[in-house]
Amino acid sequence: MSNHQSTRTTVLDPTAEQRPAKRERTARPESLAGLTVGLLDISKPRGDVFLDRVEERLTALGAKVARYAKPTFTKPAPVDLRHEIAIQCDAVIEALAD
Amino acid sequence: MLEGTTRSADEVVALIPPNLVECTVEKVAVNAVMAGCRPEYLPVVLTAVEAICSDEFNMHGVLATTMSVGPVLVVNGPIAASIGMNSGINVLGHGNRANSTIGRAVQLVIRNIGGGAPGGIDRATLGHVGKQGFCFAEDEDASPWNSLSEERGFDRTQSTVTAFCGEGPSLVIDQLSRSPESLTRSLAASLRTTISPRVVTGMDAMLVISPEHMARYRDAGWDRTRFLAELDEHLMFDTDEIIVGADGIEDGLPPGLAGHRLPKFRPGGLLVVHAGGSAGLFSAIIGGWLNGPAGSDPVTREITP
């Protein structure tokens, strides 16, 4: 072959070609006194046992506690529930338990 | 690869969990190439992706669970033979390009496009080797029964893929039963322990009956309906025997369910498929995961070009 054919190789990306948006973390509160802490039960057995105890401890620290639960642990929390927690709470604790 | 389908490259196939990313035919094709698929497998891959990304299948939950489950794909209809799928010897194992790569392509779509990697949203404690990809064809021609897809509302001229959320297969050995009654009791004894002897109604399973086991039913003239009816009789549990604390075992049904009789599987919760090599008195059980709206339901979709 005397002629040199130029070849172009196209590389296809198998991924979604997305990058996560970077956001600053919410500043850590110096005290929980007076803040509302959401406790999200993902609805696994005995998650409530753990969260009941966490609620006792948080209340003793002067925090207000709001309790939430996912309809089922097998699916992501519904958007409305996540929004509700975001607007009602200053912090959130999610419990996974068995 | 795109020549394997009539669909346009930019058509959106599904929103892929966990990141709910719009996935085009072209993106699926790229992953199918990486998996080692031939172009003629692409319609099966595309349909399987649609099936697992349905609300009923709940791929996000299947991915995120700590249990050892993933999509198990069963192909029915003319396409299985036309693309050279294996429904015979080593059907649940390796060695066939279509079986090996279709399931792999689907897993790569979840991982590469949806972002569902082990250690990220995939939280499986143990996982199983079938999560590399788990796809096989039913042996319809040699079966005396209607096929899985016929059982699920399709006819034999249609090609389908059924997505089932399952763990790895577990062998059932019975080399001595010569009557359908005996074999049914034997299969039931193993099915009773699927996932756990204390799990009832909440999880489905798939039973893969091999040709030599199926011969017991063919010879006796049992059809699928007769088989399932007889099997059901041996799959009932007295809840007192599997309640929390029974036999010194702290796991079990909640005390409030004492004094009942419950079936191992919900109605329709046992999927039965005929496949495997022609020699060997074995069948296989593929345990499932939580079923129904709070878990995963099997999904069957027609494969279109």
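**Before you click: confidence**

Chain A averages a pLDDT of 88, with 91% of the residues scoring at least 70; pLDDT is the predictor's confidence in each residue, on a scale from 0 to 100. This is a predicted model, so local features need pLDDT of at least 70 and side-chain atom pairs count only at pLDDT 80 or more, while totals for chains, interfaces and linings use all residues. For your selections, residues are numbered from 1 along each chain as its sequence is written, and chains are lettered from A and ligands numbered from 1 in the order in which they are written.

Color by pLDDT and pick out two strands of chain A: E3 (residues 91–95) has the lowest confidence in that chain, with a mean of 81, and E2 (residues 64–69) has the highest, at 96. Helices (H or I, at least four residues) and strands (E, at least two) are DSSP runs, numbered from the N terminus. Chain B has a mean pLDDT of 97, and 100% of its residues reach 70 or more. The scores for the model are ipTM 0.81 and pTM 0.92.

**Stop 1: a sheet built around E3 of chain B**

Select residues 70–76 of chain B, which is strand E3; 7 of its 7 residues are buried. Buried here means that 20 or more other C-beta atoms, placed from the backbone, lie within 10 Å of the residue's own.

Now bring in the partners. E3(B) belongs to an open sheet of 4 strands in chain B, ordered E4-E3-E5-E12 with mixed pairing. The edges are E4 and E12 (299–302) of chain B, each with a single partner strand, so one side of each has no neighbour in the sheet. Two strands count as paired if DSSP finds at least two bridges between them. On average, neighbouring strands here are turned by 25 degrees against each other, direction ignored; axes are lines fitted to C-alpha atoms, for helices over the stretch in contact, and angles run from 0 to 180 degrees between N-to-C directions.

- E5 (residues 160–166) of chain B runs antiparallel to E3(B), with 7 bridges.
- E4 (residues 135–137) of chain B is parallel to E3(B), with 3 bridges. Here B:Val74 faces B:Phe136 of E4(B).

**Stop 2: the helix across it**

Next, select helix H2 (residues 42–52) of chain B. H2(B) lies across E3, E5 and E12 of chain B, at about 45 degrees to E5(B). Since 10 of its 11 residues are buried, H2(B) is largely enclosed by the rest of the structure. Among the buried ones are B:Val45, B:Ala48 and B:Val49.

Those names come back in the largest nonpolar core, which has 87 residues: B:Val45, B:Ala48, B:Val49, B:Leu73 and B:Ile102 have the most contacts inside it. A nonpolar core is a set of buried Ala, Val, Leu, Ile, Met, Phe, Trp, Tyr and Cys residues joined through C-beta atoms within 7 Å.

What does B:Leu73 touch, leaving aside neighbours within four places in sequence? The list includes B:Ala48, B:Ile102, B:Phe134 and B:Val161, where contact means C-beta atoms, placed from the backbone, within 7 Å. A second, separate core has 6 residues, including A:Val37, A:Leu40, A:Leu58 and A:Ala63.

**Stop 3**

Go to H1(B), where 8 of 11 residues are buried. B:Lys27 and B:Asn31 are among them. The cover over the buried residues includes strand E1 (12–16), strand E2 (21–24), H2 and H5 of chain B. Just past H1(B), B:Gly36 has a positive phi of about 100 degrees.

Show both chains: 16 residues from chain B and 9 residues from chain A make the contact. On the chain B side, H1 (25–35), H3 (59–64) and H5 (97–113) each give two or more residues.

**Last stop: a second sheet**

Finally, find the open sheet E6-E11-E7-E10 of chain B, 4 strands with mixed pairing. Its edge strands are E6 (169–173) and E10 (270–274) of chain B, each pairing on one side only. E6(B) runs antiparallel to E11 (residues 282–290) of chain B, joined by 5 bridges.

Notes:
A residue is buried if 20 or more other C-beta atoms lie within 10 Å of its own, exposed if 12 or fewer, and partly exposed in between; C-beta atoms are placed from the backbone. Two residues are in contact if their C-beta atoms, placed from the backbone, lie within 7 Å.
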